[in-house]
Structure formats: structure tokens, C-alpha cells
Amino acid sequence: MNVHRLTIYGGFFGSLLCVLALVGCDLPPELAEIAQDANSVASQPASTLPASNAVLSASVPAKSPNNILVASFNIQVFGMKKAQDAWIMERLAHICRHFDVIGIQEIRSTDDRVMPELIRYINADGSQYAFVISERLGRTVSKEQYAYVFDTTRIVTHSNASYTVVDDSDLMHRQPYVARFVAQNPRNPFRFTAINVHTDPDVAAIEVDVLAAVFQNVRAFEMSTAKEDDVLLLGDFNASPQQMRKLGALRGFLAAITNQPTNVSENKIFDNVIMDRYATVEYTGRSGVLLMRELFGFSREEARRLSDHNPVWAEFTSWEATAATARAEVVPPTRR
Amino acid sequence: MHEQGAMIDVAMIEKCAQDPDLALSHLRSLFETLVSEDETLREWTSEAFENCGPPSDDDFDWIVDMLRSREGDQSFWAATFLGRLEERARKATSKLIETILNVNQGEATRQRAAWALHRIGGLSEADKDHLKLAMTREESAAVRKMIALTLNETVP
């Protein structure tokens, strides 16, 4: 494994560094093992979800050869207590199967079985998902990990690269976690880099300003190392697009979620998928909040057993698009 | 003021994480579960603290005392709650400056104490002099940066 450490930001806030782990094979051994392990549990008992919930939500577009669905989901205090609860895990798995890539926040456990358990549940129906996960991040004893869950039949991690933005000046409570992905489309596949974030609510205003620098500098780094201009900043910002200050002032700033609350109480926009409208023309213009209470037909109280956040999502073409083609080729006219 | 609470179970703490008022009514007990050996209790307590907003003025005195806790997470959250009180915590200014100057406190707590001072605002010239002194002694760039932001009052 080659590990590169390089300065990507040097401004008022000091330096933000990247540690980049590049693995020179198509599928890292740990991912191959996960995929193998996932297949081995596919024969386990099927989900006990009611039949009416076995179908995917009509509010999220179906997966197709032409699209890629990227989501962000803060699974509140995702630890072994939830991982050992089949009722919760089956529903989390059901949610994840809607999407091709899910950026997950708030994995809070020193037990490394949490994410493998989620993958086991997701793949119990024959799906072939895998995950990559960050180190434990945070200033206090309570730390969190980020993860990306992705459908290996439709997505691979581009160059198998993921890295944590190292914040030597401790500007953020939890440093963002970056990963590269590429769609499995034979026609000039859509490649993108995702930055997974979870701001500290007490200092969200400060951290959102820092994220403006993170976004710009990760993009510059990705452009210089991978010629990649499509960067998605996703996660729990603890801020609405209107509160994103320096981040919101970036040229081309586009928030997928603009006016629909994302928390289960349905009164705040915390979660989002942010992109540069001029660079990421693969965005089809379709996005939304997957309301868990609607998906499963239960109350907000029941939804809170899963999380206090609903997942948010955005749709992209599965191929590198031009502004003129992206929406026209993916979004059916009748649904526009 | 709330009585020193008995340990509460994880089901109650989960409810506190969903209900800010409930969390604030159990704040003292939650400061105990914050340092529990049980990871689940600790994590849900942190979550409850993240979500619950400013405490009651009635809790002010014991929260100030909690700044001196040897448990880093307790002192960190004490500083956080004082910051959330904003100008209502002005009486805690000197204790927060002491916290910044206390080299036995962890970096996260000292940084959060500096942030709390910014939120509280209204620093006297004497307070600012003490903070400038803290700047010269502080080895952590992160804490120095937060003190500088507090002195310059540039943090939103």
C-alpha cells in the first residue's frame, strides 16, 4: 500500500492535509472478503418486513442502467445495540437497497462488527453490497466513524482510494472522509469523489466555513491526481443551505435538498448532497428525502428507533454527461 | 436545581436523545452516564447532549463546578453547556479562563472553553489580558486559534 500525505489547504484556518491510501488492485482484499461473506449469508431467512414494505419507495427513482443514486444517512448512534436488533437492521437494510452509494454518519462503536452486520442484512436478499469505513474520529472519548455502503454490481471504488482529510489545526470535530467511486457503465462511466461530513452542531457555523475550503481543496487534489471534477459533499451539516455561508457562496454551489426537512421531526434541513452545478452536470435534478414513516407506514416515534434523520438522496447519470444530456436521458418525460 | 440523579438506563437516555426537555430535566444524571464504563450509555448520553440545547439557569452552579472534572468529557460538555447559555453564563468567565490556563485539562476542553467565552461575549479588558496571557502559554495550535477568534470576536 502506498500512503501519500500532502498539504491541500493553507489559508487562514491553517493546513488541512490528506492521507491517501491507494491500493493497486481492482477490489481490496477486505472488500473482496466482505463480498464473499455477504454472499454466504444470502441464504439466511428473508426479511420479516411486511409484504407491503418489500417494495422500494415510489418516491425514489428505480435503479436503472442509466442512473446512479447517491444517498446520505445519519444513523443516529449506530452501534452494537442497533446492530443486534433485527427489527432495526432489516429496515436499515431495506433503506440502503434503494441506493447505489450511501454515505453513513454516526457509527459510534468500538466494536468493528457494526458495519459488517449491516452489510450482512443488506445482502440477505442476494444483493451484493460492500463498504469502506473511516478511522474513529472526534475530540472526546465519544468518537464516530463514517462509512460508504455501495452496490458492487453497479459501483466500484475508483482506484480503490479513500482517505481522511487530516486536520492538523483541529478545525473540525470530525474530519471529513473521502472516497472515489465509478459507475459500472461501459459508456464513459460516471466517476465521482464523495466527501462524507458530520458537523458538530455547537460549532456548525464555523465548520461549514471550513467545509468550503475542504470542498475546494479536495476538488483541486482530485483534479490534480485523478483528473476528477465531480465532487459531492454529503452528510449531516447541521445547517440548511441558507445557513451555509462561505460554502453556500462558492461558485456553482448546488444543494440537492433545498426546502424539505430532513430530520424525523420534519422541521429542520440538516442533511444534504452538495455539488458544483457547473462541474457535476450528471445530476439529473431529481433528489429528495426518503421519509421513513412513509416508507414503512409507521409513526415518527417508530421512525426514531432507526434514526432521528431521514436519508436524503440525489440522482446522477451513470455516465459522464454534458449539461444538455443528463436530465433528458434519465428522467422520463412523464415524471418531470 | 436538580438533585444528583441516580444512574438512568439506556432506554431513558435514548428518550433523552429524542426529547431535549427530558434530557435537560435529567442533566445531572446524564453527566454521570457520560463517563459510564458502558459504551452504549456513553454514546447515547453524548447524543442527548448534542441535541438538548441550553440548560436551565438553575443548573449553572454545578455545571461550573463540572469544569474542574478530571473526566475530560465532563469538563468538555460543561464548557459546551456554558457556551450555550451565552450571556447568561457571564459569571463563569473567570472559571472558563482558568480552564484554558489549566494544563491538566485536555486540549478539547480548553478549546471548547475558549469557544464558550466567545459565545458568552462581553469580555472585560482584564479578561482579555488573561486570554492574551493564555495565548502566550498555550502549546496547542487549536486552542490558540480558538482564543484568537474569541479575542477578535470573528466567530459567528
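**Confidence, sheet, core and contact**

Tutor: In this predicted model, residues 1–47 of chain A keep a pLDDT under 50, and the model has 88 contacts beyond four places in sequence for them.

Student: What does chain A average in pLDDT, and what share of its residues score at least 70?

Tutor: Although pLDDT stays under 50 over residues 1–47 of chain A, that stretch has to be set beside the figures for the chain. Chain A averages a pLDDT of 84, and the share of residues that score at least 70 is 79%.

Student: In which order do the six strands of the open sheet in chain A run, and which strands stand at its edges?

Tutor: The six strands follow the order 5-6-4-3-15-14, with mixed pairing, and the twist from one strand to the next averages 20 degrees. A strand at the edge has a single partner strand, so one of its sides is left without a neighbour in the sheet, and in chain A this holds for strand 5 (129–133) and strand 14 (283–289).

Student: Do strand 3 and strand 4 of chain A pair in the parallel or the antiparallel sense, and over how many bridges?

Tutor: Strands of a sheet pair through backbone hydrogen bonds, in either of two senses. Within the pair formed by strand 3 (residues 67–78) and strand 4 (residues 101–107) of chain A, Ser72(A) stands opposite Gly103(A) of strand 4. The sense is parallel, over six bridges.

Student: Which strands of chain A does helix 4 of chain A touch as it packs on the sheet?

Tutor: Helix 4 (residues 114–122) of chain A has a direction that makes about 165 degrees with that of strand 5 of chain A. The strands that this helix touches are strand 3, strand 4, strand 5 and strand 6 (145–151) of chain A.

Student: Which residues touch the most other members of the largest nonpolar core, and which helix gives the largest share of that core?

Tutor: The core holds 136 residues, and those touching the most other members are Val70(A), Ala147(A), Tyr148(A), Ala194(A) and Leu82(B). Not counting residues up to four places away in sequence, Val70(A) touches, among others, Phe99(A), Leu232(A) and Trp313(A). The largest share, 10 residues, comes from helix 5 (residues 204–226) of chain A.

Student: Is Asn188(A) buried or exposed, and is Asn238(A) buried or exposed?

Tutor: Asn188(A) has a positive phi of about 45 degrees and lies in the loop between strand 9 (177–183) and strand 10 (191–198) of chain A, while Asn238(A), with a phi near 50 degrees, is in the loop between strand 11 (231–236) and helix 6 (245–248) of chain A. Most residues other than glycine have a negative phi. Because Asn188(A) has 12 other C-beta atoms within 10 Å, Asn188(A) is exposed; because Asn238(A) has 23 C-beta neighbours inside 10 Å, Asn238(A) counts as buried.

Student: Which helix of chain B gives the most to the side of chain B that touches chain A?

Tutor: The contact takes 22 residues from chain B and 21 residues from chain A, and those on the side of chain B divide into eight nonpolar, seven polar and seven charged. Helix 4 (39–51), helix 6 (72–85), helix 8 (107–120) and helix 10 (141–152) of chain B each supply at least two residues of that side. With eight residues, the one that gives the most is helix 4 of chain B.

Definitions and conventions. Residues are numbered from 1 along each chain as its sequence is written. Chains are lettered from A and ligands numbered from 1 in the order in which they are written. This is a predicted model: local features need pLDDT of at least 70, side-chain atom pairs count only at pLDDT 80 or more; totals for chains, interfaces and linings use all residues. Two residues are in contact if their C-beta atoms, placed from the backbone, lie within 7 Å. Helices (H or I, at least four residues) and strands (E, at least two) are DSSP runs, numbered from the N terminus. Ala, Val, Leu, Ile, Met, Phe, Trp, Tyr, Cys and Pro count as nonpolar, Asp, Glu, Lys and Arg as charged, and the others, Gly among them, as polar. Two strands pair if DSSP finds at least two bridges between them. Axes are lines fitted to C-alpha atoms, for helices over the stretch in contact, and angles run from 0 to 180 degrees between N-to-C directions. pLDDT is the predictor's confidence in each residue, from 0 to 100. A nonpolar core is a set of buried Ala, Val, Leu, Ile, Met, Phe, Trp, Tyr and Cys residues joined through C-beta atoms within 7 Å. A residue is buried if 20 or more other C-beta atoms lie within 10 Å of its own, exposed if 12 or fewer, and partly exposed in between; C-beta atoms are placed from the backbone.
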